[in-house]
Amino acid sequence: MTFNPLEQRGIPLDRQLRNWRELNVEPIDPDRCDPYTRCRVITMNGIEVEAILFSHQLARNTVDPEIKRQLAQTRYIEAQQQKAVNWLLPGLSSVLETTIAYEQVAVDLTAWVARMEPDPYLKQAYQFGVLEDFDHLYRYANLYEMIEHRKAESIVDNLTEVMPGRPTRYHHRDPVDNVRDPYAKDQADPLSKLHALTIMSTEQQTMNFYMNTGPTYMEPIARQLYQEIGLIEEEHVTHYESLVDPGETWWEQLVNHEYNECYLYYSFMEQESDPKVKAIWELHLNMELEHLHVACDLMRRLDGREPAEVLAPALPNVLTFEPNKAYLRELLDTQMDLTTLGAGYVREAHERFEKMQETIHGGENPPSDRVMHMHDDMFGREYRVQTEGEHPDPAQREK
Amino acid sequence: MSDLQTPHAGDDRSRDDDVVSLLMRQHGDIRNLFDEVEATSGEGRRDAFRRLVRLLAVHETAEEEVVHPFVRRSVAGGQEIVEDRLKEEREAKEMLAVLDDMDPDGPDFLPKLIELRRDVQMHARAEERYEFIHIRRSTDVTDLAAMAKAIKAAEAMAPTRPHPGVESGAKNMALGPVAALMDRTKDTVRKAMGGS
């Protein structure tokens with residue numbers, strides 16, 4: 001079925017404000033929920049956080065007080081949406097459990113986007129990044145067993161494998177090598193724009209989450225691991241945000257944001273297994289349709305252009321959370337040893353990369369290696385979930 | 001699920017010189033045993049449930065002897081924090097007693113168990129957030145280690161690991177009823193804490 005958000009009307013903006021009772025959502029069950037329900041919650045939280053932060057930046061660059069007021073109205077509703085979505089996460093979960101769920105999102109969302117991305121350069125950017133999130137999941141899973149004596153499969157439920165990706169120690173690149181080339185806004189497939197915005201937003205949320213929750217841990221190794229991976233999230237945000245064409249006007253970007261929110265709420269509404277959560281996706285879709293119309297009106301007024309010129313004629317195929325095990329294994333087999341040079345990818349450890357590595361590691365093992373040594377000291381083994389057999393790379397098999 | 005077994009706290013190779021990290025790992029062990037009870041049936045479930053009951057009994061008793069007195073004594077508002085935790089523990093024990101009388105393969109067992117699991121997990125997270133944090137803040141390493149030693153002593157007297165190939169019923173019987181186990185845990189902990 002084709003769904004064109006431009007032709008649909010939702011809930012009028014002046015009827016979108018919710019009271020405390022309506023915002024008081026019942027959290028999902030930390031032990032019994034569909035892991036992909038939790039992934040959808042985490043994704044939509046990242047999307048709403050980006051919506052709020054983008055609108056704030058836009059307001060700070062807007063002179064006309066009338067337009068500022070209009071942005072404030074929509075933004076307040078978006079702030080309520082963020083609260084309703086993120087408050088679906090249960091207080092019973094520890095930060096580390098939520099972290100493992102964040103990494104499951106990063107793995108299965110980025111892998112799916114890489115599979116569906118039509119542009120080869122953009123596809124490579126996602127393939128490159130996903131192998132790093134995949135390794136973060138493995139490191140955090142080992143930390144989790146050390147601190148809470150629990151196995152990450154109780155969270156990811158064997159939908160996602162847990163084993164080494166590109167080793168975290170090699171993710172630390174010279175910052176200039178994290179900047180990619182952007183797509184060209186007038187040639188790019190509309191789906192490519194949605195992909196870039198989605199992955200940029202979720203990685204940004206991950207960066208924010210680690211930078212704020214990392215120091216709440218008391219265990220030195222946990223604090224250090226969050227610091228290390230938190231810095232890699234900074235690299236990932238740089239990597240993905242640079243894919244977006246900076247030539248898009250503010251209003252065009254606003255329209256893209258709202259359109260993407262419609263796309264994702266629609267996608268998740270179609271897949272959701274939890275009826276209460278599904279009702280939230282449906283409600284929010286109906287709110288977003290109006291936010292999109294407001295944004296389109298602003299673009300027409302201030303850019304003098306038709307939003308339909310930059311948007312897809314109908315929503316692309318729904319974005320789906322599903323296992324990507326075979327695809328990830330193929331990448332593990334072929335792209336483990338890549339790094340970046342300028343806006344491209346190379347296999348050799350070039351001078352700038354070596355220099356960065358030398359300086360940041362300071363002649364010591366980074367936290368991501370030490371967590372594995374400490375885990376081995378405690379259990380005499382690693383923690384992995386390899387449901388499809390041994391690691392594709394013989395060098396990464398457990399000794 | 002993978003066939004990797006996470007050993008119980010005390011059985012891994014941690015130095016166990018910090019009571020808080022030891023108890024946090026034990027909270028995970030309890031959750032793992034809940035998983036095992038849910039995943040099994042018949043004799044396997046009976047055995048897993050016995051081990052869960054024992055671990056809960058020893059863990060909660062040890063906390064009552066070691067953690068709560070410390071928080072009551074040394075933390076501002078500690079009295080109220082501990083009262084809340086004790087209330088939760090009493091409720092959990094009552095539910096445990098109800099479950100203990102039920103047929104583990106009967107239709108009412110699992111729903112009740114899941115209810116208990118949720119309560120126990122809420123209790124554990126509340127301890128981690130409102131008690132453990134104070135212990136680490138206001139205790140020196142010697143005390144942390146002494147408390148860890150007392151908890152380990154309690155754990156050692158009531159093994160809660162599976163006994164593969166052994167008829168576990170006999171061993172369970174040898175340990176006696178839960179109330180007696182709690183009493184013995186108390187004595188052991190008090191002795192280890194220096195008779196206080």
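Of the 399 residues of chain A, 48% count as buried, where buried stands for 20 or more other C-beta atoms within 10 Å of a residue's own, exposed for 12 or fewer and partly exposed for anything in between, with C-beta atoms placed from the backbone. The model is a predicted one, so local features are reported at pLDDT of at least 70 and side-chain atom pairs at pLDDT 80 or more, while totals for chains, interfaces and linings use all residues. Residues are numbered from 1 along each chain as its sequence is written, and chains are lettered from A, with ligands numbered from 1, in the order in which they are written.

Chain A has 13 helices and 2 strands, taken as DSSP runs (H or I over at least four residues for helices, E over at least two for strands) and numbered from the N terminus. Its C-alpha atoms fill a box of roughly 60 × 45 × 40 Å along the principal axes. The radius of gyration of chain A is 21 Å, in agreement with the value near 21 Å for a compact globule of 399 residues; the radius is taken over C-alpha atoms, and the globule rule is 2.2 Å times the number of residues to the power 0.38. Among contacts in chain A with a separation of 6 or more, 83% join residues 24 or more positions apart, a contact being two C-beta atoms, placed from the backbone, within 7 Å.

What does the interior look like? The largest nonpolar core has 95 residues, and I100(A), A141(A), A152(A) and V255(A) have the most contacts inside it. Such a core is a set of buried Ala, Val, Leu, Ile, Met, Phe, Trp, Tyr and Cys residues joined through C-beta atoms within 7 Å. Helix α5 of chain A (residues 120–148) gives the largest share of this core, 14 residues. Beyond its neighbours within four places in sequence, A141(A) is in contact with I100(A), A152(A), V162(A) and Y383(A). Another core, of 39 residues, lies apart from the largest one and includes L33(B), I135(B), A150(B) and I151(B).

S267(A) counts as buried because 21 other C-beta atoms lie within 10 Å. Leaving out residues up to four places away in sequence, S267(A) touches V318(A) and L319(A). D157(A), by contrast, sits in the loop between α6 (153–156) and α7 (190–213) of chain A and is partly exposed, with 16 C-beta neighbours inside 10 Å. Its phi is near 55°, a positive value in a residue other than glycine.

Turning to chain B, D16(B) in the segment before α1 also has a phi near 55°. D16(B) is partly exposed, with 18 other C-beta atoms within 10 Å. In α7(B), the residues V178(B), T185(B), T188(B), V189(B) and A192(B) are buried. They lie on the same side of α7(B), because they cover an arc of only 95° around the axis, judged from the directions from the helix axis to the C-beta atoms. A179(B), A180(B), D183(B), D187(B) and K191(B), on the other side, are exposed. Just after α7(B), G194(B) takes a positive phi of about 90°.

Finally, the two chains meet through 18 residues of chain B in contact with 15 residues of chain A. On the chain B side, α1 (19–39) and α4 (109–138) are the elements that give two or more residues, and α1(B) gives the largest share, 6 residues. By class, this side of chain B has 5 nonpolar, 6 polar and 7 charged residues, with Ala, Val, Leu, Ile, Met, Phe, Trp, Tyr, Cys and Pro as nonpolar, Asp, Glu, Lys and Arg as charged, and the others, Gly among them, as polar.
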